[in-house]
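Colleague: I would like to go through this model feature by feature. Please give the general idea each time, then the case at hand.

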Amino acid sequence: MFVIGGGEFANLIRKYDGEIEFSEDVTHETAIDSMDILAKLLNDKLAFTEISYTIEEAISISNSNKIPIMICSDILHENEPFAHSWDVTSDSIAAYIASLLDAKLLIATNVNGIYTKNPSLSGAELINEIDVNELLTFDESSIDLMLPTLLIEYGLDCYVVNGEYPERVLSIMNDGDCSFEYTFIHSG
């Protein structure tokens with residue numbers, strides 16, 4: 001199952017929020033709307049996926065040999081599992097959905113995983129494996145700030161991999177050869 005991030009739409013909302021200071025409720029809800037929009041656009045381009053609005057639909061779609069793409073807004077609105085904050089992004093939402101499905105969690109990002117510091121800085125080193133409790137001490141990484149807390153709460157492990165290489169994502173999903181760089185976060 002895919003939970004699609006809000007991409008540039010959500011980044012624009014964050015930018016405008018920095019300039020205009022919208023309420024946390026409005027920025028949270030519109031960032032989730034951005035996720036829904038991108039999910040629909042992606043689904044339009046992929047023949048092997050189908051939109052899902054509920055956990056039950058996701059299971060049914062998966063059983064029909066298609067990959068569900070979650071539209072998360074209704075589930076999140078109904079359950080309100082998070083405080084409304086920029087500390088919560090699609091990373092945390094994906095963890096929440098994975099916990100509901102008892103599924104493996106893989107975060108596809110634009111870098112190879114989690115680094116000792118911003119990967120664009122000199123001396124940054126990729127962390128191949130990290131305990132989630134250690135990750136709680138990080139001020140910044142390629143995942144959102146709430147995710148480590150949720151991994152502990154839900155008892156989830158997590159893979160963080162560069163989504164610009166789809167074969168890497170597929171290899172982790174299929175328990176294949178993982179001789180490439182990624183980060184494994186273990187919760188216990």
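**Reading the chain**

Modeller: Of the chain's 188 residues, 40% count as buried, where buried means under 20% relative accessible area, exposed over 50%, and partly exposed in between, with a 1.4 Å probe and protein chains only. This is a predicted model, in which local features need pLDDT of at least 70 and side-chain atom pairs count only at pLDDT 80 or more, while totals for chains, interfaces and linings use all residues. Residues are numbered from 1 along each chain as its sequence is written, and side-chain values use heavy atoms, with hydrogens and water left out.

Colleague: How many helices and strands does the chain have?

Modeller: Helices (H or I, at least four residues) and strands (E, at least two) are DSSP runs, numbered from the N terminus. The chain comes to 8 helices and 8 strands. Its radius of gyration is 16 Å, close to the 16 Å that the globule rule gives for 188 residues, so the chain is as compact as a globular protein of that length. That radius is taken over C-alpha atoms, and the globule rule is 2.2 Å times the number of residues to the power 0.38. Along its principal axes the C-alpha trace spans about 45 × 40 × 30 Å.

Colleague: Among contacts between residues at least 6 apart in sequence, what percentage join residues at least 24 apart?

Modeller: Contact means heavy atoms within 4.5 Å. For this chain the figure is 60%.

Colleague: What does the accessible surface of the chain come to?

Modeller: Accessible areas come from the Shrake-Rupley method with a 1.4 Å probe; for residues, only the protein chains shown count as cover. The total here is about 10,400 Å², and 49% of that belongs to carbon and sulfur atoms.

Colleague: How many positive and negative charges does the chain have, and how far apart are their mean positions?

Modeller: Lys and Arg count as positive and Asp and Glu as negative, with His and the chain ends not counted. The place of a charge is taken as NZ of Lys, CZ of Arg, CG of Asp or CD of Glu. The chain has 8 positive and 33 negative charges, and their mean positions lie 9 Å apart.

Colleague: How many salt bridges does the rule give?

Modeller: A salt bridge is a side-chain nitrogen of Lys or Arg within 4 Å of a carboxyl oxygen of Asp or Glu. The count by this rule is 2. In one, K15 pairs with E19, with the closest N and O atoms 3.2 Å apart. K15 and E19 are 4 residues apart in helix α1 (residues 7-20), so about one helical turn separates them. K15 is partly exposed at 45% relative accessibility, and E19 is exposed at 53%.

Colleague: Which residue forms a salt bridge with K104?

Modeller: The partner of K104 is D175, and their closest N and O atoms are 2.8 Å apart. This pair links distant parts of the chain, 71 residues apart: K104 is in the loop between α5 (90-101) and β3 (105-109), and D175 is in the loop between α8 and β8 (183-186). K104 is partly exposed, with a relative accessible area of 42%, whereas D175 is exposed, at 63%.

Colleague: Where is G163, and which residues beyond its neighbours within four places in sequence is G163 in contact with?

Modeller: G163 sits in the loop between β7 (158-162) and α8 (166-173). Apart from those neighbours, its contacts are A108, T109 and V169. G163 is partly exposed, at 32% relative accessible area.

Colleague: Is T109 buried or exposed?

Modeller: T109, found in strand β3, counts as buried at 16% relative accessibility. Leaving out residues up to four places away in sequence, T109 touches S142, V160, V161, N162, G163 and E164.

Colleague: What separates the C-alpha atoms of G163 and M173, and those of D44 and T54?

Modeller: G163 and M173 are 10 residues apart along the chain, with their C-alpha atoms separated by 12 Å. D44 and T54 are also 10 residues apart, and the separation there is 19 Å. D44 is in helix α2 and counts as exposed, at 61% relative accessibility.
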